[in-house]
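Take a first walk through this structure. Keep the sequence beside the 3D view as you read.

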Amino acid sequence: MNAVDENINQHNAGWSFENISESFDSHIQKSIPLYASGHRLICHYSDFFLKPDSTVYDIGCSTGQMLLRLAQQHPKKEGLNLIGIDTVLDMVEKAASLAKHDPRLSFIHANALDIELQPCDMVVANYTVQFMPPRVRQKIIENIYQALNWGGAFFMFEKVRAPDGRFQDYANQVYIEFKIDNGFSEAEIINKSRSIKGVMEPFSTQGNIDLLKRAGFQDIMTIQKYVCFEGFLAIK
């Protein structure tokens, strides 16, 4: 195993989210541009979609920070049902500790594809779909579309590929500079890149929009973009 951060080691072509929950939040903040800003942005947009009794799903919730921020954004909506889903038990156990302070929060250890999503007003997938095998991505987005109430919102934030090789090369180099500025060593950057081979498969902006449209979404907008990281809002 090789170091990809101070307290995280990973195998070549074998990235895993298992047993990294204690270091995950600091790692992701340094790794993804505008990560915290994306959470705040979703919270601000949620004012338009969440009613006092709304159900919200966070697919790939990791340590539950997104749902915690949503709960803090809507302290008076006592009937909110904020549900996090993650395949990693360690993440779910850490996230579940948040529910002790707010009964509106709950977390499920499961694959979202195996769960029948209940009618909801909002779904979030923060840098989650990119880690799903391409063969199942259409299905999960179709499930989300079907579960959303009319007028409901799906927030999908993803790393994206550039439209051609030249722009992809630019994006790769700029992203490396971003990680160096955030304190990663050259070795850690290379090790992280090697670890996610075959594990993370980004689509282009158009590829993600095509997924959303095939599922039934027609109203789609980019609400955040930094080089190769993009946040989409799709409304049913």
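Is D5 buried or exposed? D5 is buried, at a relative accessible area of 6%. Buried means under 20% relative accessible area, exposed means over 50%, and partly exposed lies in between (1.4 Å probe, protein chains only).

A word on the source. The model is predicted, so local features need pLDDT of at least 70 and side-chain atom pairs count only at pLDDT 80 or more, while totals for chains, interfaces and linings use all residues. Residues are numbered from 1 along each chain as its sequence is written, and side-chain values use heavy atoms, with hydrogens and water left out.

Stay with D5. D5 forms a salt bridge with K30, and their closest N and O atoms are 2.9 Å apart. A salt bridge here is a side-chain nitrogen of Lys or Arg within 4 Å of a carboxyl oxygen of Asp or Glu. D5 sits in strand 1 (residues 2–5) and K30 in helix 1, so the bridge ties together parts 25 residues apart in sequence. Helices (H or I, at least four residues) and strands (E, at least two) are DSSP runs, numbered from the N terminus. K30 is partly exposed, at 25% relative accessibility.

Now follow helix 1. Helix 1 (residues 21–31) packs against helix 4 (residues 89–96) at an angle of about 85°, with axes 9 Å apart. Axes are lines fitted to C-alpha atoms, for helices over the stretch in contact, and angles run from 0 to 180 degrees between N-to-C directions. The two helices are therefore roughly perpendicular, a label for angles of 65 to 115 degrees. S21, E22 and F24 of helix 1 meet D90, M91 and K94 of helix 4. Contact means heavy atoms within 4.5 Å.

Two of these residues also form a salt bridge: E22 and K94, at 3.6 Å from N to O. They are 72 residues apart in the chain. E22 is exposed, at 65%, whereas K94 is partly exposed, at 28%. The whole structure holds five salt bridges.

Next, look inside. The largest nonpolar core has 42 residues, and F107, M122 and F155 have the most contacts within it. Such a core is a set of buried Ala, Val, Leu, Ile, Met, Phe, Trp, Tyr and Cys residues joined through side-chain atoms within 4.5 Å. Helix 3 (residues 65–73) gives the largest share, four residues. Another core, of 30 residues, lies apart from it and includes A147 and V160.

Definitions and conventions. Parallel < 35°, antiparallel > 145°, perpendicular 65-115°, else oblique.
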